[in-house]
Amino acid sequence: MYFIKNFLVVSLAAGLAVSASVPTVLKRSPAAEVENGKYIVDRQAEFDNYASWTFQGNSLPEGLYASNYPISDGTRVFVPENAIVRNGYLDLLVNGGQTAMPYTCGEVVTVANNIRYASVRTVAILTEPAGVCNGMFFYESDAQETDIEWLSDANSLSNGGTRRLWLTNQDANQDGSSTSNTVSPPADATTAEHEYRLDWTEGRVRWFVDGVQVWETTEDVPSVPGPWVFNNWSNGDPGWSVGPPAVDAIFRIRSIEMYYNTA
């Protein structure tokens, strides 16, 4: 989703740089341990439920649905035909060469809309063509969101000339600013699969790339239940997504794993 970002991050955990380097080792997070019917992640978090999605055939697997709605500002619309299952991937498409708003975009959402706390691992290839935002995130409202986002245009005012992964908790405490950090992506993020992981627990969010933690914060942590969302979109804003893309821009998801609790 699109929300104005706070570029001066005032709530980073002590000792963490605003831009951190991401390892490029191709590895995955370890599976949770199972004890007494619970899924234990990193000996730090306990979850009741597990879901896993891969993308065989030509239709979405049970537990996910394609969005079909316009954004209220009229800049973009999510259409089911832009969430395409093919060749072992979920391809979320923003059509290239669009000249009039609303720009057509792709999004899928979990059927479960009462998720509260989760460890979500998305294996994906990020979009190369400039002009879109790839998102993997929990969303209940503008103030209750935690996300991983990729801005494919280096010249976005947010990127400032260098493409970054954006890790953000939106403004849960309503003090007027979100809590955000950027990290460098893997060098081949737009051509090879990597795992992007977000662990949301009570009072803390941790982010990982290829199984390695790259940041955490206890600020602006969401606290209410909602769904998980995966999308690819453009609204032409020079401060964020820029775009629309000149050619078809695809966010390719190989698999999603989710350990989660509900409320």
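1. Three-stranded sheet. In this predicted model, 3 strands form an open antiparallel sheet in the order β2-β3-β4; strands are DSSP runs of E, at least two residues long, numbered from the N terminus, and two of them pair if DSSP finds at least two bridges between them. Because β2 (33-35) and β4 (45-47) each have a single partner strand, one side of each is left without a neighbour in the sheet. From one strand to the next the twist averages 35°, with axes fitted to C-alpha atoms and angles running from 0 to 180 degrees between N-to-C directions. β2 is joined to β3 (residues 38-41) by 3 bridges, and E33 stands opposite I40 in β3.

2. Pairings of β21. Strand β5 (residues 49-54) runs antiparallel to β21, with 6 bridges; here S52 faces E257. Strand β10 (residues 89-94) is joined to β21 by 5 bridges, and L92 stands opposite F251. Between β12 (residues 115-125) and β21 there are 9 bridges, with I115 opposite T262.

3. Nonpolar cores. A nonpolar core is a set of buried (under 20% relative accessible area, 1.4 Å probe, protein chains only) Ala, Val, Leu, Ile, Met, Phe, Trp, Tyr and Cys residues joined through side-chain atoms within 4.5 Å. The largest has 44 residues, and W200, W228, F230 and I253 touch the most other members. Strand β21 (residues 249-262) gives the most to this core, with 6 residues. Another core, of 11 residues, lies apart from it and includes F78 and W240.

4. Conventions. Residues are numbered from 1 along each chain as its sequence is written. Local features need pLDDT of at least 70, side-chain atom pairs count only at pLDDT 80 or more, totals for chains, interfaces and linings use all residues, and side-chain values use heavy atoms, leaving out hydrogens and water.

Definitions and conventions. Buried < 20%, exposed > 50% of the residue type's maximum accessible area, 1.4 Å probe, protein only. Helix = DSSP H or I, 4+ residues; strand = E, 2+ residues; numbered from the N terminus.
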